[in-house]
Amino acid sequence: MPDVVTLGECMAVLYPPDPVSLDEARTLLIDIGGAEANLAIALCRLGHRARFISRVGDDPFGKRIRTVLSNEGVDTSSLRTDPDAPTGVFFREWLADGARRVYYYRRNSAASRIGPDDLTPAQFSGAQIVHLTGITPALSASCAAACMRAIDLARAAGALVSFDPNFRPRLWSAAQARDTLIPLMRAADILLMGHEDAQALFEVSNDDDALATAAALGARIVVLKCAERGARALVAGQRLAVPAAPVAHVIDPVGAGDGFNAGFLAGWLRGWSISESLTLGTRIGAAAVATLGDYAGYPRL
C-alpha cells in the first residue's frame, strides 16, 4: 500500500544542455517532468511508497515516463495508456541571466482526459496522504472533477489531503484559478504554497497576511515556501520559520517546490515536528536547484 497517492500530468521535457535559448540550441536533452511525478520520485528516493495516477499516450514519450517512474520505485499500476491522445510535451530554456521560460504542448493530451471514473477506492486504500496540485484542475473540467473525487476518496480512506496551489499563469488567469482552487484549498488538511501563489491568489504580498488568509480557509497546517528566504508555517495559531538551506550555485530552480513538498511530507510521515519537516523540505529544495533537471538533484535516503 502507498504512503502517498498523487494525481496529475507527467510530460516529456526537452531542453538545451547549455544555457542558451531554444532558437540557438543545436542539441536538446530529453527527460520527464511534472509536479506530481516529481514529488512521487522524491518521496521514493527518501524511502517512502508513492502511487502516481495519470494517463499517458501510446507513444515513445509515454513509454519513457512509465519506465523512468518505475525505475525510481514509483507505483505506476494506475498509470493508464490512452490510445487516442498523445503524451504532453514541454520545452524549457534555462539562461545564464537566470531567466527560465517554458513552452507547453499539452492541450488535449492524454492526461487532460483524466476524469473521476479513472479513480477507485482501491487506489487510495491504506494511503496516509493524498497530494494534489492546482496544475491538474487547470488542464480540463474532467481533471478538476477528478481532483474533487480524489478528495472524497482520500476522506473515505482516512488519508489527509495535501494541496499545492501551484498557480501557472500560462494555463489560466488568476481570476479563473481562484474560482477553482479556493474550494480545493478549503478541503485541504495540509496547504503547501509558494509565496508567488499567495500573491496571485490572495492578492497579498506580506508573508503573515498570506499565512493568515490561507489558514482561514481551514487547513490545519499551512506552509509558505519563500525560496531563498526559507519557509514559514502556521499551525494551530503558532508561527514557525526556518532558513533556506545554503546553495553554492543555483543551476536550475525547476522542481525545487516539488522537492520541498516531498521533504515536508516525508518529515510528517516520519512523525517529525513541523520545524524538522520544514527543514527537510528546504534541504530537498536546495539539492534540486543545484542540478539541471526537474528531479535529478533529489537526494536518496
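This is a predicted model: local features need pLDDT of at least 70, side-chain atom pairs count only at pLDDT 80 or more; totals for chains, interfaces and linings use all residues.
View 1. Four strands line up here as E3-E2-E6-E7, making an open sheet with mixed pairing. At the edges sit strand E3 (29-33) and strand E7 (100-105), each of which pairs on one side only. On average, neighbouring strands of this sheet are turned by 25° against each other, direction ignored. If you want a reminder of what holds such an arrangement together, strands of a sheet pair through backbone hydrogen bonds, either parallel or antiparallel.

View 2. Zoom in on strand E2 (residues 11-15) and strand E6 (residues 89-94): they run parallel, and three bridges join them. To find one of the bridges, look for Ala12, whose partner in E6 is Val89. Helix H2 packs on this sheet and touches E2, E3 and E6. The direction of H2 makes about 65° with that of E3.

**View 3. A β-α-β unit built around H2.** The helix H2 (residues 60-71) turns up again here, together with E4 and E5, and the three make a right-handed β-α-β unit. Strand E4 (residues 50-57) and strand E5 (residues 79-82) run parallel and are joined by four bridges.

**View 4. Thr6 and its surroundings.** Thr6 belongs to strand E1 (residues 4-7). Its relative accessibility is 1%, so Thr6 counts as buried, the cut-off being under 20%. What does Thr6 touch, not counting residues up to four places away in sequence? The list is Glu36, Leu39, Ala40, Arg51, Phe52, Ile53 and His131. For a sense of scale, pick out Leu43 as well: 37 residues separate Thr6 and Leu43 along the chain, and their C-alpha atoms are 11 Å apart.

**View 5. Thr136 and its polar contact.** This threonine, Thr136, is found in helix H4 (residues 135-139). Thr136 counts as buried because its relative accessibility is 1%. Which side chain makes a polar contact with that of Thr136? Look to Glu36: the two side chains are joined by a polar contact of 3.1 Å. Leaving aside neighbours within four places in sequence, Thr136 is in contact with Leu7, Gly8, Glu36, Cys143 and Cys147.

Terms used. Residues are numbered from 1 along each chain as its sequence is written. Side-chain values use heavy atoms; hydrogens and water are left out. Two strands pair if DSSP finds at least two bridges between them. Helices (H or I, at least four residues) and strands (E, at least two) are DSSP runs, numbered from the N terminus. A crossover is right-handed if, with the strands pointing away from the viewer, the path from the first strand over the helix to the second runs clockwise. Buried means under 20% relative accessible area, exposed over 50%, partly exposed in between (1.4 Å probe, protein chains only). A polar contact is a pair of N or O atoms within 3.5 Å; within protein, one must be able to donate a hydrogen and the other to accept it, and residues adjacent in sequence count only if both atoms are side-chain atoms. Contact means heavy atoms within 4.5 Å. Axes are lines fitted to C-alpha atoms, for helices over the stretch in contact, and angles run from 0 to 180 degrees between N-to-C directions.
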